Amino acid sequence: MTAARIASIGGGPGGLFTAILAKRSHPEREIVVYERNAADDTFGFGVVFSEETLQNIADADPASIDRIQAEFRHWSAIDTDFLGTVERSDGHAFAALERTRLLQILGERALELGVDVRYETEAPPLADLRRDHDVVLAADGVNSRTREALADQFVPSREGRTAKYAWFATERPFDCFTFLIVETPHGLFWAHIYPFDDTRSTFIVETDEATWRRAGLDAHAAVARAPGENDEASMRFCEEIFAEHLDGYGLIGNNSGWLSFTVMRNEHWSAGNSSSSPVAPLAPVVLVGDAAHTAHFSIGSGTKLALEDAIALAGALDREGDVDAALKAYTEERKPVVASLQRSAQTSLEWFEGLPRYRHLAPEQFVFQLLTRSQRVTYDNLRLRDAEYVGRLDAWLAQQTRAAGLDVADGTPPMFHPFRLRGRILPNRIVVSPMAQYSAVDGVPGEWHLVHLGSRAVGGAGLVMTEMTCVTPQGRITHGCPGLWNDEQTAAWRRIVDFVHRETPALIGAQIGHSGRKGATKVMWEGIDDPLPDDESWEILAPSPIPYRSDSAVPREMTTRDIADVIAAHVDTARRAADAGFDLLELHYAHGYLVSSFLSPLSNRRTDDYGGSPDNRARLALEILDAVRAVWPADRPISVRISATDWVDGLEGVGPGFTGDDAVALARMLAAHGADIIDVSTGQTSTDADPAYGRLYQTPFADRIRQETGIPTITVGAVASVEDANTIVASGRADLCAIARPHLVDPYWTWNAALDQDFRGAPVPKQYRSGLSARRREQAP
């Protein structure tokens, strides 16, 4: 047994449940919990759990879960009232109870097991606790004084968010999780509601900061309140705007006032170790619950995370041979899980912060957006939970597609709805994303490109895209990059395009661009972005003489003559792409290549008309688009790929990089100049970037641009599954899904997606129909 003596600073769910589990497994342990509040103090209202969390608690301590479940309020539905239109989605399985009652149950269970729970007692000085115990739990909440005392070791970070919310309750009966969205003269307000006992429900009111200020609520928030006192003026305001839904009931306060959510993260979850001082060893301190991390209330995970922290920590203390090993195992187990949930919570939080941008959506799509906002719940998941709800959504989607003059059968999965761009119709919403193959010779695409693009067109994608096809020899990234600046290249591309058109229903697009300061590098398998040796290199161009990497060649700052030549080269390549028969042209303005480096203030330090303000930095992008649009056939669409953020908060002497706000403004300009769709990627513009990687991590940028500008978007990056594609299209987060790496291992990804969904409307090459018949026989019951 490790940790014979344990002290917890804080008697919340994390501290109490760790104490329960540690004492239950080893009754001889001496465990003390210090809680400054009384056992019956009322803070907060209800806490909500999913079935998964309940099972975790049950496995850890059946006695605790039996007592908790005896007081649960259960429900399975989610109701959304969007400006008067109500939609219900069922099959979700939630349970809730009063937070105070949960703490009482855990406290009683801890005392029953022999834990020394000291209510209304401040913890002794941290140094004393560390001398007298084997491990100290910092379970004292998001404002943990324990964590701050050891901040140099925990390395905490706090991210204050912008939306405003206030926590209330009501005795108005609600039978399930309910979202209310109401319109006021000041803007939208919304409420997150869930029942936590037979008579009361939690009622959280939220709005964006601008609406909050327009309503004058900042003035109420500025009035000083005594501890425990409510912001009565704001509570009355909320009662008025939700009066229709409260049915004569009022709101109940509990130290209620306006708050802004803080996202808490810590680089390290434990500080010190059991042998940190050879003279007077000090026990390590470990973070639990909100002291370690927070997750937005819109996915109801704060208490869940604290209890699951407790399960993991107690298990590690029992399993490992010493305290240090136990804390290491605890951190390694929990930190990745928490990081994943925090990413989902962040996506949900940001969705609510931007909720007003969805005001224009039809209720059917708004509700689906809301239900899938965290990107953890999907179209396919909801169909399993409530097929009737998804059936209603499918019928609405089909109605919208038909209203656009396109045919679609009832029950067609969202990813297989056709889509029109100018005079071209994509048979489905799947795009084979541009993927560099580094296999051209002197810029000429060869047999590899024919097979690479042809096989994926045969595989069922609606649109296949070339890798970046360079407009000049000096505009190549590597020696292996294809180009489109001479007749031989045009003829080679025409052969590929003709195959796609002759043998498949897919469209094919050419992505064109100039490498800029990221040019003259080695092919990927020899060292991505590594500069070529001097005897193999060529002069590279950029808006400013700033190398991409410290070991990259220094680019030459472009003159106005250089700029004119680059525009002319794009025009010539566009003409050749049209002559080769491409259906769509995509201008590559992303990933730190030439035009991207003009757009970003990190790489563009010019003082002329092409630098400085966002409008000036966008000048080259718009001039190329104007010139290309003038020669590109009017019935064929133009896409523009952008990096919607540099993922750089700021550089000394420069400031922040290109941001999401900049991307929205740029998209508006591109649409005004003739772009038909924006292909939304991010990053790869600066070595100082700190991307928030994760599943679908770039999709919110495509969603924001689509909602705020009205221009169609393509989402790309970590889109990997059928569920992802169906969810993105049905929610309207993007119109097309560009899928890259999955297509590398499965050229027939789209065709297999149709088989997996038993969708029989996807065309299959006659040469492969026997395989289709065999697959369906295997799937037959």
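Helices are DSSP runs of H or I with at least four residues, strands are runs of E with at least two, and both are numbered from the N terminus. The expected span of a helix is 1.5 Å times one less than its number of residues.

This is a predicted model, in which local features need pLDDT of at least 70, side-chain atom pairs count only at pLDDT 80 or more, and totals for chains, interfaces and linings use all residues. Residues are numbered from 1 along each chain as its sequence is written, and side-chain values use heavy atoms, with hydrogens and water left out.

**Figure 1. The whole protein.** The secondary structure comes to 29 helices and 31 strands. Along the principal axes, the C-alpha atoms fill a box of roughly 85 × 65 × 60 Å. Buried residues make up 58% of the 781 residues (buried means under 20% relative accessible area, exposed over 50%, partly exposed in between, with a 1.4 Å probe and protein chains only). Of the contacts with a separation of 6 or more, 72% are between residues 24 or more positions apart (contact means heavy atoms within 4.5 Å). The protein exposes about 30400 Å², and carbon and sulfur atoms supply 49% of it (areas come from the Shrake-Rupley method with a 1.4 Å probe; for residues, only the protein chains shown count as cover).

**Figure 2. Helix 4 and its surroundings.** Helix 4 covers residues 99-113 and has 15 residues. From its first C-alpha to its last it reaches 21 Å, close to the 21 Å expected at 1.5 Å a residue. Its buried residues are Thr100, Leu102, Leu103, Ile105, Leu106, Gly107, Arg109 and Ala110. The cover over these buried residues includes helix 1 (13-25), helix 3 (62-69) and helix 12 (302-319), together with strand 3 (46-50), strand 7 (94-98) and strand 8. Just after helix 4, glycine 114 takes a positive phi of about 100°.

Figure 3. The strands follow the order 8-2-1-9-18-17, with mixed pairing (two strands pair if DSSP finds at least two bridges between them). Strand 8 (116-119) and strand 17 (270-271) are the edge strands, each pairing on one side only. Strand 17 runs antiparallel to strand 18 (residues 285-287), and two bridges join them. Serine 270 has valine 286 in strand 18 as its bridge partner.

**Figure 4. Leucine 287 in strand 18.** Leucine 287 has its place in strand 18 and counts as buried, at 0% relative accessibility. Not counting residues up to four places away in sequence, leucine 287 touches Ala138, Arg147, Phe154, Asn266, His268, Trp269, Ala292 and Tyr330. Asparagine 254 is 33 residues from leucine 287 in sequence, and their C-alpha atoms are 27 Å apart in space.

**Figure 5. Two nonpolar cores.** In soluble globular proteins, nonpolar side chains tend to be buried together. A nonpolar core is a set of buried Ala, Val, Leu, Ile, Met, Phe, Trp, Tyr and Cys residues joined through side-chain atoms within 4.5 Å. The largest has 82 residues, and those with the most contacts inside it are Leu585, Leu587, Tyr589 and Leu670. Helix 20 (residues 560-580) gives the most to this core, with eight residues. Apart from it lies another core of 65 residues, among them Tyr34, Ile68, Leu150 and Val285.

**Figure 6. Helix 24.** Helix 24 (residues 660-672) has 13 residues and reaches 19 Å from first C-alpha to last, close to the 18 Å expected at 1.5 Å a residue. Buried in this helix are Gly660, Ala663, Val664, Leu666, Ala667, Met669 and Leu670. Glycine 674 follows helix 24 and has a positive phi, near 110°.

**Figure 7. Two loop residues with positive phi.** Valine 155 is not a glycine, yet its phi is positive, about 55°. Valine 155 sits in the loop between helix 7 (151-154) and strand 10 (156-160) and is partly exposed, with a relative accessible area of 32%. Arginine 422, also not a glycine, has a positive phi of about 50°. The loop of arginine 422 lies between strand 19 (419-421) and strand 20 (424-426); this arginine is partly exposed, at 36% relative accessible area.
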